[in-house]
Structures are given as structure tokens and as C-alpha cells.
Amino acid sequence: ETLKQSIPYLVPRASILLQDIGRTFFDSLTVKGIPLHKIIVTSVMRSKDDVTKLRGHNRNATVNSCHLYGTTFDISYTRFNRTGKSGKAVSNETMCNILGKVISDLREKGECWAIFERSQHCIHVTVRKI
């Protein structure tokens, strides 16, 4: 997705985590016989100006946002880019559950912290091991 209030940068470990999430999500879809989809990243690193602007309309944005450090990214849990042509469509709920399981497993392994942001329709993920 086009990033409107963030910069496409992550520290190396956060970049690896995002790649791991995408790859594991892809593998989970394949195992379940679900048409292939890509996750949508809605936010990555933000400048102080980005955070200030965002605070005007996003109640979750804080002055000392984790996004300032390139260690955090947001992934939509309501939108996915379908790339596979075959197979029948599946519900967003199914897709959300698969993505949630992937991130939950990584959280349980100590790889990240994750917050399910209902008002922003995203999962806020911060890498733990830098």
C-alpha cells in the first residue's frame, strides 16, 4: 500500500520479522488450500512530523511512538491482496484468523510484541530482538 504517513524503512531485524510473517502467512494459506494473498503493510517508520500530524486524527498515536525507531510496523487485518487466480474466495474473518495465528505464534516465541488495534483495523507489531 502507498504509505501516507510513514517512511518505508525498518531496522534489519524488523525487516526480517516482516518477511517471516509474510512467508509464514503464505505457507499457511498454501497448506489450507486457500488462494494466495499478500498482507498489506499500512505503516512503518514515522518521522516526528508524521506522528504530530497523525495525532490530530488517530487516538492511538503517541508522542513517543514506536514507529519513530524503525522497529514497528502495522499490518491490515481487514484487507489482503489476492494474488492466486484459482480457488474460491474466503472471508476476511478467515484471513484475519490466519494472520492472527501467524503473529501470535511469533509473539509466543518472543520474536515480537503485537497489539490488535480495532479502531485502526491493523495489527501493530514491534520486533523484540534487535
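Two strands count as paired here if DSSP finds at least two bridges between them. I worked from a predicted model.

**Sheet.** I looked up the strand order first. The sheet is open, has 4 strands in the order β1-β2-β4-β3, and its pairing is antiparallel. β1 and β3 stand at the edges with a single partner strand each, so one side of each lacks a neighbour in the sheet. I noted an average twist of 30° from one strand to the next.

**β2 and β4.** I then checked how many bridges join β2 to β4. There are 5, and the two strands run antiparallel. For Phe73 I found the bridge partner Val125, in β4.

**α3 on the sheet.** I turned to what packs on the sheet. Helix α3 does, touching β1, β2, β3 and β4. I recorded an angle of about 150° between the direction of α3 and that of β2.

**α3 itself.** The helix spans residues 92-108, which is 17 residues. From first C-alpha to last α3 reaches 24 Å, close to the 24 Å expected at 1.5 Å a residue. I listed its buried residues as Met95, Cys96, Ile98, Leu99, Val102, Ile103 and Leu106. Why do they lie on the same side of α3? They cover an arc of only 165° around the axis, which puts them there. On the other side of α3 I found Glu93 and Glu108 exposed.

**Cover.** I asked what covers the buried residues of α3. The cover includes α1 (12-32) as well as β1 (37-43), β2 (72-82), β3 (112-117) and β4 (122-127).

**After α3.** Last, I looked past the end of the helix. Gly110 follows α3 and has a positive phi, near 85°.

Technical notes. Residues numbered from 1 in each chain as written. Predicted model: local features only at pLDDT ≥ 70, side-chain atom pairs only at ≥ 80, totals over all residues. Heavy atoms only, no water. Expected span 1.5 Å × (residues − 1). Buried < 20%, exposed > 50% of the residue type's maximum accessible area, 1.4 Å probe, protein only. Arc of directions from axis to C-beta. Contact = heavy atoms within 4.5 Å. Axes fitted to C-alpha atoms, helices over the stretch in contact; angles between N-to-C directions.
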